[in-house]
Amino acid sequence: MLEFDTFSPEETLAIACILGSKLKGGEVIALEGELGAGKTLFVKGLAQGLGVEEPVTSPTFTLIHQYEGEIPLTHFDVYRLPSPESLEELGYEEFFYGPGVTAVEWSDLIRSYLPREYLLISIRRIYQPDKGEGRQIRLEPHGPSIEKLVEEMTEYACARN
């Protein structure tokens with residue numbers, strides 16, 4: 001597990017962009033955090049790292065947005081999904097097990113559908129008197145290839161400090 005504390009949207013975007021640049025395709029990024037924690041902002045940074053040029057928006061009402069980049073990105077927001085089983089109607093397997101990167105906001109609502117290997121990104125609000133409000137971003141790998149990815153991010157974390 002690896003944690004980053006950020007105190008601006010730009011810092012959060014930068015961490016997500018670095019992560020996105022390390023993805024090779026086939027990864028599922030599961031995002032958790034309360035409403036307004038920064039999950040969509042994090043996906044915007046992932047998209048930048050994947051070479052997506054179009055604006056990334058929250059798919060809250062459409063459930064899925066797809067973006068073309070050097071590696072395709074599929075962005076799920078399952079907050080308004082009527083039930084976890086409804087994910088099957090969306091053809092989730094095509095994305096979760098496809099060649100692109102899949103980011104899933106509110107992944108805790110569909111945890112039983114996540115593949116064996118995925119990266120859990122937990123984002124929570126923090127406060128430091130000298131820096132103000134910020135975010136703690138926790139990367140928790142599930143599976144050997146994702147552990148390697150987090151190790152690469154650890155090198156970035158060390159260079160950042």
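Which pattern does the protein chain follow when read along the sequence? The order is β-α-β-α-β-β-α-β-β-β-α, with helices (DSSP H or I, at least four residues) and strands (E, at least two) numbered from the N terminus. The radius of gyration, taken over C-alpha atoms, is 15 Å, close to the 15 Å that the globule rule gives for 161 residues, so the chain is as compact as a globular protein of that length; the rule is 2.2 Å times the number of residues to the power 0.38.

This is a predicted model, in which local features need pLDDT of at least 70, side-chain atom pairs count only at pLDDT 80 or more, and totals for chains, interfaces and linings use all residues. Residues are numbered from 1 along each chain as its sequence is written, and side-chain values use heavy atoms, without hydrogens and water.

Buried residues make up 50% of the 161 residues in the protein chain, where buried means under 20% relative accessible area (1.4 Å probe, protein chains only). Of the contacts (heavy atoms within 4.5 Å) with a separation of 6 or more, 62% join residues 24 or more positions apart.

One position illustrates both properties. T40 lies in helix α2 (residues 39-49) and is buried, with a relative accessible area of 18%. Not counting residues up to four places away in sequence, T40 touches T57, S58, H75 and E105.

The C-alpha atoms of the chain fill a box of roughly 45 × 30 × 30 Å, taken along the principal axes.
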